[in-house]
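Let us walk through this structure step by step. Keep the model in view as you read.

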Amino acid sequence: VTGGNRGIGLEVCRQLAGRGIRTLLTARNEDKGRLAARTLADQGLPVSFLPLDMTDERSLVRCAEYVTAELGRLDILINNAAVALDFETPALEVEMTVVRATIEANLFGPLRLTQLIVPTMRAQSYGRIVNVSSGLGSFSKITAGRLAYRLSKVSLNAMTKVFADELKDTNILVNAVTPGWVRTHLGGIRAERSVEQGAEGILW
């Protein structure tokens, strides 16, 4: 689970591990990631931590190599990590550095990690890949603002469709899930759904 140290990612880790699934919680911030994994492990859940920066090729490769060498297999990949950097900025004013940073984390990271992990899933003839999307990336809901974030999620949805079609003759399923407006650091305290509810579709 990428971005597993808080919010929906942390809840997904909790629920996966609660089903007896050995879960690898990853996060860019090593201190926060280790604390989150230790908190779950102290509850008797099979959770361990691995540092992972979705914008760093070397970090992504190290993650894939760890999975192959230390775990031997990977059944489930949850691409959850994301940044939202332009929520208060009109599209005509958003800086290209912000657009690039958003797409690097929210699209290129999941894309590259999927490329690195699928060979392991092919070798074991099983895999489930879930990309955590957003209603802000739905064409039926696009309005003004939040351009960089919207672009990253629209592209993530397109990527999901392409990978799903390329893998349709395998036992590897690729889906995108919109968790809804969830009470997290990103969603805020006024959001209508709890993290438990936000995780439901991902786990399903």
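This is a predicted model. How many aromatic pairs does a search of the whole structure find? The search finds one. A pair of aromatic rings is described by the distance of the centres and the angle of the planes. Here the partners are Phe87 and Tyr149, with ring centres 5.2 Å apart. Their planes stand at 85 degrees, so the pair is edge-to-face; planes over 60 degrees apart count that way. The pair links distant parts of the chain. Phe87 sits in the loop between strand S3 and helix H4, while Tyr149 belongs to helix H5. The two are 62 residues apart.

Is each partner buried or exposed? Buried means a relative accessible area under 20%. Tyr149 has 5%, so Tyr149 is buried. Phe87 has 24% and is therefore partly exposed.

Ser134 lies in the loop between strand S4 (127–132) and helix H5 (147–166). Which residues does Ser134 contact, leaving aside its neighbours within four places in sequence? They are Tyr149, Lys153 and Thr178. The relative accessible area of Ser134 is 11%, so Ser134 is buried.

Ala91 and Arg146 are 55 residues apart along the chain. Their C-alpha atoms are separated by 6.7 Å.

Next, follow helix H4, which spans residues 96–124. Ile117 is in this helix. With a relative accessible area of 2%, Ile117 is buried. What does Ile117 touch, not counting residues up to four places away in sequence? Its contacts are Ala64, Val67, Leu74 and Leu77. Here is another pair of distances to look at. Ile117 and Glu93 are 24 residues apart in sequence. From C-alpha to C-alpha they are 37 Å apart in space.

Move on past H4. Ser125 lies in the loop between H4 and S4. Its backbone deserves a look. Most residues other than glycine have a negative phi. The phi of Ser125 is positive, near 60 degrees, and Ser125 is not a glycine. Ser125 counts as partly exposed, because its relative accessibility is 49%.

Now turn to an earlier part of the chain. Met54 is in the loop between strand S2 (47–51) and helix H3 (57–71). Is Met54 buried or exposed? Met54 counts as buried, at 7% relative accessibility. Its contacts, not counting residues up to four places away in sequence, include Thr2, Leu60 and Asn79. Glu104, Ala105, Gly109, Pro110 and Leu113 are also among them. Met54 and Glu166 are 112 residues apart in sequence, and their C-alpha atoms are 23 Å apart in space.

Step into helix H3 itself. Arg58 lies there. Arg58 is exposed, because its relative accessible area is 61%. Arg58 and Trp204 are 146 residues apart in sequence. Their C-alpha atoms are 31 Å apart in space.

Finally, see how two helices meet. Helix H1 covers residues 7–18, and helix H6 covers residues 195–203. They pack at an angle of about 65 degrees, with their axes 9 Å apart. The crossing of H1 past H6 is right-handed. Which residues of H1 meet H6? They are Gly7, Ile8, Glu11, Val12, Gln15 and Leu16. On the H6 side, the partners are Val195, Glu196, Gly198, Ala199, Ile202 and Leu203. The residues of this contact divide into seven nonpolar, three polar and two charged.

Which residues of H6 are buried? The buried ones are Val195, Gly198, Ala199, Ile202 and Leu203. They cover an arc of only 135 degrees around the axis, so they lie on the same side of H6. An α-helix has 3.6 residues a turn, so residues three or four places apart point the same way. The buried residues of H6 pack against H1, and also against strands S3 (76–79), S4 and S5 (172–177).

Definitions and conventions
Residues are numbered from 1 along each chain as its sequence is written. This is a predicted model: local features need pLDDT of at least 70, side-chain atom pairs count only at pLDDT 80 or more; totals for chains, interfaces and linings use all residues. Side-chain values use heavy atoms; hydrogens and water are left out. Axes are lines fitted to C-alpha atoms, for helices over the stretch in contact, and angles run from 0 to 180 degrees between N-to-C directions. Helices (H or I, at least four residues) and strands (E, at least two) are DSSP runs, numbered from the N terminus. A crossing is left-handed if the near helix is turned anticlockwise from the far one by less than a right angle, and right-handed if clockwise. Contact means heavy atoms within 4.5 Å. Ala, Val, Leu, Ile, Met, Phe, Trp, Tyr, Cys and Pro count as nonpolar, Asp, Glu, Lys and Arg as charged, and the others, Gly among them, as polar. Buried means under 20% relative accessible area, exposed over 50%, partly exposed in between (1.4 Å probe, protein chains only). The arc is that of the directions from the helix axis to the C-beta atoms. Rings of Phe, Tyr and Trp (its six-membered ring) pair if their centres lie within 6.5 Å; planes under 30 degrees apart count as stacked, over 60 as edge-to-face and the rest as tilted.
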